[in-house]
Amino acid sequence: MSDVREAIAAAKRVVVKVGSSSLTTAGDGLDAARLDALVDAVADRVGRGSQVVLVSSGAIGAGLAPLSLGGRPRDLATQQAAASVGQLALAHAYAASFARYDLTVGQVLLTSNDVVRRAHYRNAERTLGRLLTLDAVPVVNENDTVATEEIRFGDNDRLAALVAHLVRADGLILLSDVDALYDGDPRAGGTRKISEVADESDLDGLKVGMSSSGLGTGGMMSKVAAARTAASAGIPALIAAAAQAVDALGAADAGTAFRPAGKRLSARRFWLGYAAGTHGRLYLDDGAVNAVVRRRRSLLAAGIVGVDGDFDAGDVVDLVDPAQRVVARGVVNYDVAELPDMIGRSTHELPDEHRREVVHADDLVPLGRR
């Protein structure tokens, strides 16, 4: 067994995400047998000394049958209504299933603001941490009933990666209806299963598809993105089928493993790089990209060639290279209105009040290919 799989198998704190299609069907709602099988695997992992946070999709799917809805609704109000009914059913089902093992469940509903806004992020961190120290199993879901934008089922993959770092997990396991990552569409035949992703180059040329279940919209694309996010932050990740939950949560000898890259980021730097909302873009020349990404230096006005967005000093912005790729994120020290007269100018050419860095190195996080 590879060392990355051994690390996931031995993880003392692990986040497990399960998708809608693994728990529900459009016609019948929650599948009690599937849910119990997942809980069996989680409870076994807890019984072997690990702390588990379960990130569960399925609220809207669980609400379809009770409301006599034949399929995923298109309008936001009906989606929210289904989530309202389904979330209650889902929480009750988990509580009853975990009770078979004398395990207490704590429901945690999060919105995007809870991970985008720094103060909310820290509150969620404290709540989840305390639940774990009290030997409860936190069951996390996006708070779909109050979403202000179109609800996307695949968002829970990204949420799981954010939660994994938020609770300082030692591993992330993403379960769905697909057993692994392949180098093409496995339904077409003639494709190769990818056992391990060691670095970004292993993903070059892969065609990763979207969900076709009718219940979720994330598919393999969002799972790979979530696994890459976790791995980039130093957390090993595993993509496997929910039907393989026993193997995935046991010896981790199923699916596709993602090797962590580098050291684990601090909570602030992870939030800045992967959770914070951005308010604009700064376009850099090649020299500035080299300074920021490779030499980990502050961004100066001389290396900026363009500005876009509506931001104030203290907001988070994307830093973009000449090929239009986002290569870093950082906290900008100036309002957008101040920058046009500064860009491209050396520090000594600027007035005294504008001689500080545009983005300081301590408030800047280089990103891998996204």
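**Exercise 1. Look at the hairpin of β15 and β16: which residue takes a positive phi there, and how many residues lie between the strands?**

Step 1. The hairpin has five residues between its two strands, and Q324 is the one with a positive phi, near 70 degrees. Strands here are DSSP runs (E, at least two residues), helices are DSSP runs too (H or I, at least four residues), and both are numbered from the N terminus.

Step 2. A quick word on what you're looking at: this is a predicted model, where local features need pLDDT of at least 70, side-chain atom pairs count only at pLDDT 80 or more, and totals for chains, interfaces and linings use all residues. Residues are numbered from 1 along each chain as its sequence is written, and side-chain values use heavy atoms, with hydrogens and water left out.

Step 3. Now the pairing: β15 (residues 316–320) and β16 are antiparallel over five bridges. Strands count as paired if DSSP finds at least two bridges between them.

Step 4. Check how covered β16 (residues 326–331) is: six of its six residues are buried. Buried means under 20% relative accessible area, exposed means over 50%, and partly exposed is in between (1.4 Å probe, protein chains only).

**Exercise 2. Work out the strand order of the open sheet of five strands, and say which strands are at its edges.**

Step 1. The order reads β14-β13-β15-β16-β17, with mixed pairing. At the edges sit β14 (304–309) and β17, each pairing on one side only. From one strand to the next, the twist averages 20 degrees.

Step 2. Go through some of the neighbours. Strand β13 (residues 280–284) runs parallel to β15, with three bridges, and L282 faces L319 of β15. Helix α11 (residues 286–294) packs on this sheet and touches β13, β15, β16 and β17, its direction making about 110 degrees with that of β13. Contact means heavy atoms within 4.5 Å; axes are lines fitted to C-alpha atoms, for helices over the stretch in contact, and angles run from 0 to 180 degrees between N-to-C directions.

Step 3. On to β17 (residues 364–366), which is antiparallel to β16 with three bridges. There, G330 is opposite L364.

**Exercise 3. Is D362 buried or exposed?**

Step 1. Find D362 in the loop between β16 and β17.

Step 2. Its relative accessibility is 56%, so D362 counts as exposed.

Step 3. Look for R296 as well: it is 66 residues from D362 along the chain, and their C-alpha atoms are separated by 9.1 Å.

**Exercise 4. Trace the open sheet of eight strands and explain why one side of β5 and of β10 is left without a neighbour in the sheet.**

Step 1. Follow the order β5-β6-β4-β1-β7-β11-β12-β10; the pairing is mixed.

Step 2. β5 (105–110) and β10 (196–197) are at the edges with a single partner strand each, so one side of each has no neighbour in the sheet.

Step 3. Start from β5, which pairs with β6 (residues 137–142) in the parallel sense over six bridges. Q107 has V139 as its bridge partner in β6. Helix α1 (residues 3–10) packs on the sheet, touching β7 (171–176), β10, β11 (237–241) and β12 (256–258), and its direction is at about 90 degrees to that of β12.

Step 4. Next is β4 (residues 51–56): five of its six residues are buried, so the strand is largely enclosed by the rest of the structure. Two bridges join β4 to β6 in parallel, with V55 opposite V140. Six bridges join β4 to β1 (residues 13–18), also running parallel, with V14 opposite V52.

**Exercise 5. What angle do helices α2 and α4 make, and how far apart are their axes?**

Step 1. Helix α2 (residues 32–47) packs against helix α4 (residues 76–99) at about 50 degrees, with the axes 10 Å apart.

Step 2. That angle makes α2 oblique to α4. Under 35 degrees counts as roughly parallel, over 145 as roughly antiparallel, 65 to 115 as roughly perpendicular, and the rest as oblique.

Step 3. The contact uses L35, D36, L38, V39 and V42 of α2, and L90, A93, Y94, S97 and F98 of α4.
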